[in-house]
Structures are given as C-alpha cells and as structure tokens.
Amino acid sequence: MTHVYIDHISMCVNNLDTAIADWKDILGVLTPGHNEQITYGEGTSDGTHMVWATFQNPDPTGVSIQLWAPGSENSWVHKVLAKRGEFVHHIAFLSSNFGHTVEQCRAADLPLLLDEDSHPDTMPWLQWNFIPEDKAHGVLIELATRYQAAGDRWLPHPGNAEQPDLLKEMQDRFYLPTGAQK
C-alpha cells in the first residue's frame with residue numbers, strides 16, 4: 001500500500017545563510033529538536049541551480065522546515081524574489097510509490113506542472129512533480145519520492161517501490177538468515 005504524508009514546508013529565501021541563522025533562533029525557542037539535524041543540499045533541476053537546508057523534525061513522520069535559495073546569479077528565482085519577496089514556496093508530500101501517486105493525481109484530473117517528473121542532478125533517485133499554485137490556493141504542492149535523513153544528507157528510503165533492491169540489500173546486510181548462527 002502506498003504511504004503519502006506531509007514532510008516539509010519550504011520557504012524561498014534571498015540568502016540561505018541568513019535564513020538558517022534566523023530559523024535556528026526561532027526553532028531553538030519553539031521546537032529545539034528541529035535544530036539537532038539539518039540536511040543540506042544543492043542541485044540543478046530544469047536549468048535552475050538551487051541550494052537548500054532542511055531542519056529535520058526529530059519525529060520521522062513530523063513536518064520539517066526547509067529553506068531554499070537560488071544557487072547562481074540572475075536566475076528566474078531572483079526575479080520572483082525581487083517582485084514578491086521571500087515566501088512559502090511549497091508544501092511537500094512524500095510517497096513510498098511516487099509513480100503510483102502521480103498516476104492517482106492524473107486519474108483524478110489534478111493538474112501537474114510537469115509532463116515528465118524532474119529531479120535534482122545530484123540525486124537522480126529523488127523524483128518530483130508539482131500541483132500548481134492556482135489549484136492549491138497560492139502555494140505549490142510538491143509530490144516527491146520518500147527519503148530519509150542520514151547525517152546531513154537525504155538518502156532513498158529502502159521501503160520505496162522505486163528502490164526494491166535497496167531493501168533487499170539492507171536486509172541481507174543487517175539480518176542473518178533464519179536458523180543461521182553468528
């Protein structure tokens with residue numbers, strides 16, 4: 001059965017370092033556990049270089065806070081930020097079977113921004129697509145492959161439909177066959 005849940009809320013910011021410092025202050029008072037694990041990433045998707053930091057919720061099914069900024073000068077993101085200011089960019093829903101979730105959206109006639117799913121160039125296993133702002137009343141809805149935070153990076157979740165070999169590899173590595181002795 002496909003498992004889908006809200007993973008994070010993402011803000012588009014002008015300066016990632018400044019935003020990280022400000023959010024450390026905020027979360028340090030409101031939910032200190034979010035400051036314990038921050039994942040960092042960067043990549044290029046659809047020709048736009050971006051950098052991000054995610055304050056991981058210590059509860060793996062809780063909602064995290066993500067900040068992202070343009071990773072290069074003079075991108076379309078700079079134009080949007082100049083016109084609109086910093087803003088909530090998207091709410092992310094992660095799926096254990098991304099392809100099935102996208103098919104369900106299409107079958108329900110939910111509009112998707114991309115005809116073909118996209119991903120950051122640094123993580124080809126991470127697929128995403130978006131339900132547009134006009135359908136979600138002002139914010140993008142990101143649909144993405146479920147992942148897990150490990151240290152300061154994201155890794156594919158071994159229970160995803162898209163990574164069946166990963167689950168078997170982990171089971172073989174961490175469990176002895178029934179009746180085997182160590």
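This is a predicted model: local features need pLDDT of at least 70, side-chain atom pairs count only at pLDDT 80 or more; totals for chains, interfaces and linings use all residues.

Biologist: Which residues does the VOC annotation cover?

Modeller: The unreviewed UniProt entry gives "domain: VOC" for residues 5–146. That span is 24% helix and 35% strand, and its end C-alpha atoms lie 9 Å apart.

Biologist: Why is His89 called buried?

Modeller: Buried means under 20% relative accessible area. His89 has a relative accessibility of 11%, so His89 counts as buried. His89 lies in strand β5 (residues 87–95). Leaving aside residues up to four places away in sequence, His89 touches Ser10, Met11, Cys12, Trp68, Val139 and Leu140.

Biologist: Why is Val29 called exposed?

Modeller: The label exposed requires over 50% relative accessible area. Val29 has 67% and is therefore exposed. Val29 belongs to helix α1 (residues 16–30), and together with Ile26 and Leu30 makes a nonpolar surface patch of about 310 Å².

Biologist: How many aromatic pairs does a search of the whole structure find?

Modeller: The search finds three aromatic pairs. One of them is formed by Trp128 and Phe130, with 6.5 Å centre to centre and 50° between the planes.

Biologist: What makes the pair of Trp128 and Phe130 tilted?

Modeller: Planes under 30 degrees apart count as stacked, over 60 as edge-to-face and the rest as tilted. The angle for Trp128 and Phe130 is 50°, so this pair is tilted. With a relative accessible area of 9%, Trp128 is buried; Phe130, at 13%, also counts as buried.

Biologist: Why is the pair of Tyr147 and Trp154 called stacked?

Modeller: The planes of Tyr147 and Trp154 meet at 25°, which is under the 30 degrees required, so the pair is stacked. The ring centres are 4.2 Å apart. Tyr147 is buried at 6% relative accessible area, and Trp154 is buried at 9%.

Biologist: Which residues form one aromatic cluster?

Modeller: Trp52, Tyr147 and Trp154 form one aromatic cluster.

Methods. Residues are numbered from 1 along each chain as its sequence is written. Side-chain values use heavy atoms; hydrogens and water are left out. Patches are made of residues with over 30% relative accessible area and no salt bridge: like charges are joined within 9 Å, nonpolar side chains (Val, Leu, Ile, Met, Phe, Trp, Tyr) within 5 Å. Accessible areas come from the Shrake-Rupley method with a 1.4 Å probe; for residues, only the protein chains shown count as cover. A salt bridge is a side-chain nitrogen of Lys or Arg within 4 Å of a carboxyl oxygen of Asp or Glu. Helices (H or I, at least four residues) and strands (E, at least two) are DSSP runs, numbered from the N terminus. Buried means under 20% relative accessible area, exposed over 50%, partly exposed in between (1.4 Å probe, protein chains only). UniProt positions are given in the numbering used here, feature names are shortened, and annotations may be inferred rather than shown by experiment. Contact means heavy atoms within 4.5 Å. Rings of Phe, Tyr and Trp (its six-membered ring) pair if their centres lie within 6.5 Å; planes under 30 degrees apart count as stacked, over 60 as edge-to-face and the rest as tilted.
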